[in-house]
Amino acid sequence: MTLHTLNASPASAAFADCQRLLAPGDALLLLGDGVYAALQGTAARRALDASPARVYVLQPDAAAAGVLERIGSAE
């Protein structure tokens with residue numbers, strides 16, 4: 001198991017690179033601008049939902065970005 005962290009926007013190359021590295025049993029923690037990837041109804045969220053890793057969102061960062069209510073069931 002590997003813990004990945006992503007603090008870059010889902011529009012960045014870092015998001016795509018991270019997606020390629022995720023494997024079953026891994027965990028991904030979204031923080032900083034990475035919390036935007038968890039927004040419901042976005043392509044980034046669909047990619048995360050289809051990933052083999054468990055995805056977690058740092059709640060204080062999502063709250064600071066004003067999107068806590070829009071991330072739905074992301075952990």
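Two strands are taken to pair where DSSP finds at least two bridges between them. On that basis, in this predicted model, 3 strands form an open sheet in the order S1-S2-S3, with parallel pairing. Strands S1 and S3 are the edge strands, each of them pairing on one side only, and the twist from one strand to the next averages 20°.

The pairing of S2 with S3 is parallel and extends over 4 bridges. Within this pair of strands, Ala27 has Arg54 of S3 as its bridge partner, and Leu30 stands opposite Val57 of S3. In a regular strand the side chains alternate between the two faces of the sheet.

Helix H1 lies across S1 and S2, and runs at about 165° to S1. The buried residues of H1 are Phe15, Cys18 and Gln19; because these cover an arc of only 100° around the axis, they fall on the same side of H1. An α-helix has 3.6 residues a turn, so residues three or four places apart point the same way. On the other side of H1, by contrast, Ala13, Arg20 and Leu21 are exposed. The cover over the buried residues of H1 includes strand S1 (3-6), together with S2 and H2.

A corresponding description can be given for helix H2. Here Ala44, Arg45 and Leu48 are buried, and they lie on the same side of H2 because the arc they cover around the axis is only 100°. Exposed residues on the other side of H2 are Ala43, Arg46, Asp49 and Ala50. Among the elements that cover the buried residues of H2 are H1, S2 and S3.

Arg45, which is found in helix H2, has a relative accessible area of 7%, and therefore counts as buried under the cut-off of 20%. A polar atom of the side chain of Arg45 lies 2.5 Å from the backbone oxygen of Ala38.

In soluble globular proteins, nonpolar side chains tend to be buried together. The largest nonpolar core of the model has 19 residues, of which Leu6, Leu28, Leu30, Leu48 and Val57 touch the most other members. Helix H1 (13-21), strand S2 (27-30), helix H2 (43-50) and strand S3 (54-57) each supply at least two residues of this core.

Asn7, in the loop between S1 and H1, has a relative accessibility of 51% and so counts as exposed, the cut-off being over 50%. With its neighbours within four places in sequence left aside, Asn7 is in contact with Leu31, Gly32, Asp33 and Gly34. For one of these residues, Asp33, the separation from Asn7 is 26 residues in sequence, while the distance in space, C-alpha to C-alpha, is 5.2 Å.

Methods: Residues are numbered from 1 along each chain as its sequence is written. This is a predicted model: local features need pLDDT of at least 70, side-chain atom pairs count only at pLDDT 80 or more; totals for chains, interfaces and linings use all residues. Side-chain values use heavy atoms; hydrogens and water are left out. A nonpolar core is a set of buried Ala, Val, Leu, Ile, Met, Phe, Trp, Tyr and Cys residues joined through side-chain atoms within 4.5 Å. Buried means under 20% relative accessible area, exposed over 50%, partly exposed in between (1.4 Å probe, protein chains only). The arc is that of the directions from the helix axis to the C-beta atoms. Contact means heavy atoms within 4.5 Å. Axes are lines fitted to C-alpha atoms, for helices over the stretch in contact, and angles run from 0 to 180 degrees between N-to-C directions. A polar contact is a pair of N or O atoms within 3.5 Å; within protein, one must be able to donate a hydrogen and the other to accept it, and residues adjacent in sequence count only if both atoms are side-chain atoms.
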